[in-house]
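Please read them alongside the sequence and the model.

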Amino acid sequence: MSERIGIIGAGILGLAVARELAARGATVTVLDKEDRVAAHQTGRNSGVVHAGIYYTPGSLKARLCREGAALLREYCAEHHIPYEEIGKLVIAATAAERAGLRRIAARARENGVPDVAELDALGLREIEPHAVGVGAVHSPRTAIVDFPAVARRLAEDVAASGGSVRLGRPVRALRETASGVEVLAGRTRLVFDRLIACAGLQSDAVAAMGGYAGDVRIVPFRGEYYKLAGTAKGLVRGLVYPVPDPRYPFLGVHLTRRIDGEVLVGPNAVLALAREGYSWRQVSPGDLRDILTWPGTRRMAARHWRTGLAEVYGSLAKRAFLTAARRYVPVLAPHDLVRTTGGVRAQAVGRDGSLLDDFVVDVHGRVILVRNAPSPAATSSLAIARHIVSFISA
């Protein structure tokens, strides 16, 4: 493969695609508007390497999560990047949640997740002594990693294979021609044989530049976190999650030990006021107009406004986070939670108001668009890269 291929986005997915292509002989150029790699979703998540217990069997998420986790584990071992299998408990707080727990266990088995076990109240306490619940599903192979460190190593691999990662190069325009794809990045005009957009929060904006707007838009949801302070960090050994609401692609407030030893509590999911709106103070009138005028946003809000109001309350009231965390670790006190930085999830929403759950990749001639790559995209990145490259080599 000797093609010149441009890649928009220096998050973990764009860099994984670039590495895969460079290893196959392509000349790759990664473009990103930021001054560093992993500036947005890759660098602002909880660092969990998902094992694949939640996802619909047969979906891209289910398949690529399992493949990606195995590839990521090997990659981290090869490059001495810390990777710890600390395990996850999905806890049923009440008897009414047992059915949801059974569904998760059945999906995990169907997806081939190794060593998953169903536990009773006493069994879960053996894993997490300070946690409570009527039962749990334990996934001991769920891990944590430093995803920005992985992204930096991927960028080094790209450079070592003759590719380039050009930062501070915002893509302002693109068009497909008979012989290739022209891209205006900053003030520089570049020509590629193919272009792959892994633009995350900007994915629909990049698609629109090329005339590929389609029937999906990115609606940004901010996820806010607290972290456990002082000795409270010792109250959680691994990952403690609720039984998720099957109506939403979000997993609910959970407790997550990170590779740096911090323990996060969160996230919630509130509509952000900008694509990269990491706080209530960050507002983009243009982004907000795009979000609110999309018919899918209005239809989504009409269906789920009660949940939306509850999430806003959680954003404004620390007690909501504390109450959610205490369902599973009741010894937590108000002073144990300290506000910390959050992230924004690029959630693709259809015109009908549906929240797209699976990974979505579109091919338009010489342009490949990653339309939807929510969690577990970081876990799955090396496998998603192979999936994307298969469209080129097919």
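Notes on salt bridges, a pocket and one arginine

1. In this predicted model, Arg73 and Glu85 are joined through their side chains by a salt bridge, 3.5 Å from N to O. The pair links distant parts of the chain, with Arg73 in helix 2 and Glu85 in the loop between strand 4 and strand 5, 12 residues apart. Arg73 is partly exposed at 39% relative accessibility, and Glu85 is partly exposed at 33%.

2. Arg275 and Asp287 also form a salt bridge, their closest N and O atoms being 3.5 Å apart. Because Arg275 lies in the loop between strand 18 and helix 7, and Asp287 in helix 7, the pair ties together parts that are 12 residues apart in sequence. Arg275 is buried, with a relative accessible area of 8%; Asp287 is buried as well, at 17%.

3. The count of salt bridges comes to 26. Arg19, Arg153, Glu156 and Asp157 are linked in a network of them.

4. The second largest pocket holds about 300 Å³ of space. Its lining has 20 residues, and Arg258 is one of those nearest the centre. Arg258 is partly exposed, at 24%, and its side chain meets that of Asp260 in a salt bridge (3.6 Å, N to O).

5. A polar atom of the Arg222 side chain lies 3.4 Å from the backbone oxygen of Gly277.

Methods. Residues are numbered from 1 along each chain as its sequence is written. This is a predicted model: local features need pLDDT of at least 70, side-chain atom pairs count only at pLDDT 80 or more; totals for chains, interfaces and linings use all residues. Side-chain values use heavy atoms; hydrogens and water are left out. A polar contact is a pair of N or O atoms within 3.5 Å; within protein, one must be able to donate a hydrogen and the other to accept it, and residues adjacent in sequence count only if both atoms are side-chain atoms. On a 1 Å grid over the protein atoms alone, a cavity is a set of points where a 1.4 Å probe fits but cannot get out, and a pocket is an open set with protein on both sides within 12 Å along at least five of seven lines; lining residues have an atom within 4 Å of a point. Grid points are joined across faces, edges and corners, and a volume is the space filled by probe spheres set on the points. A salt bridge is a side-chain nitrogen of Lys or Arg within 4 Å of a carboxyl oxygen of Asp or Glu. Helices (H or I, at least four residues) and strands (E, at least two) are DSSP runs, numbered from the N terminus. Buried means under 20% relative accessible area, exposed over 50%, partly exposed in between (1.4 Å probe, protein chains only).
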